[in-house]
Amino acid sequence: MATDDPSAAHLWRPYTQMKQAAPPLEAVRTHGSRIVLANGRELVDGIASWWTAVHGYNHSHIAAAVAGQLGTMPHVMFGGLTHAPAERLASRLAALLPGDLNHVFFTDSGSVAVEVALKMAVQLWLNRGEAGRTRILAFRGGYHGDTMGAMSVCDPEEGMHRRFGAFLPSQVFCDLPRTEAETAALDGVLARHRTELAAVIVEPLVQGAGGMRMHPPEVLATIARLARRHGLPLILDEIFTGFGRTGTLFACEQAGIVPDILCLSKALTGGTMALAATVATHAVFSGFWSDDASAALMHGPTFMANPLACAAANASLDLFASEPRLEQAQAIGARLADGLEALRGRPGIAEVRTLGAIGAVQFTRPPDLGALKARFVERGVWVRPFGDIVYLTPALTIERGDLDQLIEAVVAVAGSVGTTAG
């Protein structure tokens, strides 16, 4: 909360100027698509706790799996040991992912999954005897995480990490190839930097925390084609888009491509536990298969492949197999497209865009975010606008009435703010 006494702020909150921060709302319980506050009020969650709770909160199947694992083995180190939940989860992910993405390295957050992907790419070249390939080609408007390597491949100008520019590794940036000119520009940059590049990284179909910027599958296919042309591994960051959010289980399916390395987290456990995975093809994995111990992948988080988290993830995959999540995502998308259409062309509204179970409204200029958040709470919904957008990414299991309440709140609040902003 706001205070003139820094010593009173024991909790340091994310993305928050603590001196100015309004008191946070205290959550005491969750159920379905709702968050229950300490004062008894319920809010419909429009963002599924940063896009994680795809099955809604407190799903009984995931809860039972975690409870069962807690009673037998909540954690064991993964160095020199293995366990059935991780073995099963890795094999199931390999079976679900396209192509030969068969080799799974577990971590505990999306940012670290990206760090591992970058490290894989750089070390792959080192293992081949090419020491000069240490840079990554990334795209403007992208966001890949908060750790140092991940920050270095986020948008260098508009991103939240631009203040760290002098401290970060120097990467190569391009615009997404939406036009022939941008495609030619990307091709040229890849050619000029080819001997120093280790990989290309992109968020498929949606640049999430960079502003919910969407691009068609053809753009992703073009990036994959050019990466192949220049002999560079392609890393797909599916931390946000993976597990049904775009209407298919993985966004890359819509472009018909198979990356060399793919990052997963967020919805991997259905929003229950921290877990992430970096998955590589056989060709990448083979680059580390050697009699030379120094050629091994040099990474190993303490809580890697945590059994509780793996149990939750296995239960989440059960639900994708037994319940109609992809159909639900597509139905949510249709409702979002229909409901948010009321804002298109309104004063102060720059764009309305939807894809799968994602809806975003972009303002012509950034609004007062604090005021917006308060107005959403007044309407009984939990929505967290950022920058110049307000967006919805609800649980794939959200009930129609709750979804309509979210849409109505966005139309009312964004519409009035847009009028004021215009």
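Guide: A strand is a DSSP run of E with at least two residues, and strands are numbered from the N terminus. In this predicted model, K266 sits in the loop between β11 and β12 (276-281).

Visitor: What makes the phi of K266 worth noting?

Guide: The phi of K266 is near 45 degrees, a positive value in a residue other than glycine.

Visitor: Why is K266 called partly exposed?

Guide: Its relative accessibility is 24%. Buried requires under 20% and exposed requires over 50%, so K266, at 24%, counts as partly exposed.

Visitor: Is A305 buried or exposed, and how do you know?

Guide: The relative accessible area of A305 is 0%. The cut-off for buried is under 20%, so A305 is buried.

Visitor: Why is T246 called buried?

Guide: T246 has a relative accessible area of 5%. T246 is in the loop between β10 (234-237) and β11 (261-264), and it touches L205, V206 and L355, among others.

Visitor: What makes the pair T246 and Q254 a polar contact?

Guide: Their side chains are joined at 3.1 Å. A polar contact needs N or O atoms within 3.5 Å, one able to donate a hydrogen and the other to accept it, so the 3.1 Å pair meets the distance limit.

Visitor: Which residues does UniProt list for "binding site"?

Guide: The unreviewed UniProt entry lists G110, S111, D237, P301 and T302.

Visitor: How do you know whether they gather at one spot?

Guide: They span 193 residues in sequence, and the farthest two C-alpha atoms are 22.7 Å apart, so they do not all gather at one spot.

Visitor: Why is G110 called buried?

Guide: The relative accessibility of G110 is 11%. Buried means under 20%, so G110 qualifies. G110 lies in helix α4 (residues 110-127) and touches I239, S265 and A276, leaving aside residues up to four places away in sequence.

Visitor: How do you know that D237 is buried?

Guide: D237, in strand β10, has a relative accessibility of 6%. The limit is under 20%, so D237 counts as buried.

Visitor: What makes D237 and H144 a polar contact?

Guide: The side chains of D237 and H144 are joined at 2.8 Å. Other residues touched by D237 include V114, Y143 and C263.

Conventions. Residues are numbered from 1 along each chain as its sequence is written. This is a predicted model: local features need pLDDT of at least 70, side-chain atom pairs count only at pLDDT 80 or more; totals for chains, interfaces and linings use all residues. Side-chain values use heavy atoms; hydrogens and water are left out. Helices (H or I, at least four residues) and strands (E, at least two) are DSSP runs, numbered from the N terminus. Buried means under 20% relative accessible area, exposed over 50%, partly exposed in between (1.4 Å probe, protein chains only). Contact means heavy atoms within 4.5 Å. UniProt positions are given in the numbering used here, feature names are shortened, and annotations may be inferred rather than shown by experiment.
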